[in-house]
Amino acid sequence: MDIDDVRDDLSQVLYSREQIDERIRQIAAEVDRDYEGKDLLLVGVLNGAIMVMSDLSRALRSHCEMEWMAISSYGAGTASSGVVRILKDLSVDLVGRHVLIVEDIVDTGLTLAYLVENLRARGPASVEIMTAFRKPEAIKNKITVKYVGFDIPNQFVVGYGLDYAGKYRNMTGLGILDPKVYLQE
Ligand code: IMP
């Protein structure tokens, strides 16, 4: 699905497919350089990270392995509590591995802070974070993200793996969802 297919649902288009593609390629080149000669394990967080994982991994010039985790955060409504339940865990041992967590978006970063702590306890050589998008809240909370695709405004965005009620994940590009879409319901 292209941005134009749902253009009426968006109050603003933030990034086109081409702009995201180019930025992910730049990051892949940095990752190639930073992890040269190291055994890289990409850990994607389901479901949002599917697109960025797919693009980042294919833009790398070197080998990597890919693993997935599914987590759900407890907490009332939309507020992220930072208390996390692992729904699907990794199927590999992390001892001595260089882990790069691949995320779609870091908002408060509370979920991610828990995840990093959890993975660090498993004895990896390193744990770093790559995210396609980051909201201002994450910067305020001082979550250390090594690779950031784009810093975006504090608005609800969809596309490139990010959904609203399960939809828009398959939209190329990133846009701000027009409030009329969720106020209608
Ligand atoms: P955090 O713990 O607040 O960083 O929560 C991050 C998670 O909230 C992401 O992995 C997304 O699933 C979801 N999320 C945060 N902001 C947005 C948004 O603007 N659109 C869609 N999902 C979002």
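Guide: Asparagine 47 is partly exposed, with a relative accessible area of 44%. On this scale, buried means under 20% relative accessible area, exposed means over 50%, and partly exposed is in between (1.4 Å probe, protein chains only). The model is a predicted one, where local features need pLDDT of at least 70, side-chain atom pairs count only at pLDDT 80 or more, and totals for chains, interfaces and linings use all residues. Residues are numbered from 1 along each chain as its sequence is written, and side-chain values use heavy atoms, without hydrogens and water.

Asparagine 47 sits in the loop that runs between strand 2 (40–46) and helix 2 (50–59). Helices (H or I, at least four residues) and strands (E, at least two) are DSSP runs, numbered from the N terminus. Asparagine 47 is 115 residues from leucine 162 in sequence, yet their C-alpha atoms are 8.4 Å apart in space.

Let's move on to aspartate 163. Aspartate 163 counts as partly exposed, at 23% relative accessibility. It pairs with arginine 169 in a salt bridge, with 3.4 Å between the closest N and O atoms. The term salt bridge stands for a side-chain nitrogen of Lys or Arg within 4 Å of a carboxyl oxygen of Asp or Glu. Side chains of opposite charge can pair when their charged atoms come close. The whole structure holds nine salt bridges.

Some of these pairs join up: Arg33, Asp34 and Lys146 form a network of salt bridges. Arginine 33 is exposed, at 56% relative accessible area, and its closest N and O atoms with aspartate 34 are 3.8 Å apart. Aspartate 34 is partly exposed, at 27%, as is lysine 146, at 39%. The side chains of aspartate 34 and lysine 146 meet in a salt bridge of 4.0 Å, N to O. Because aspartate 34 belongs to helix 1 (residues 17–34) and lysine 146 to the loop between helix 4 (136–140) and strand 7 (147–151), this pair ties together parts that are 112 residues apart in sequence.

One last stop is helix 3. Leu112, Leu115, Val116, Asn118 and Leu119 are the buried residues of helix 3 (residues 110–120). They lie on the same side of helix 3 because they cover an arc of only 165 degrees around the axis, an arc taken from the directions from the helix axis to the C-beta atoms. Glu117 and Arg120 are exposed on the other side of helix 3.
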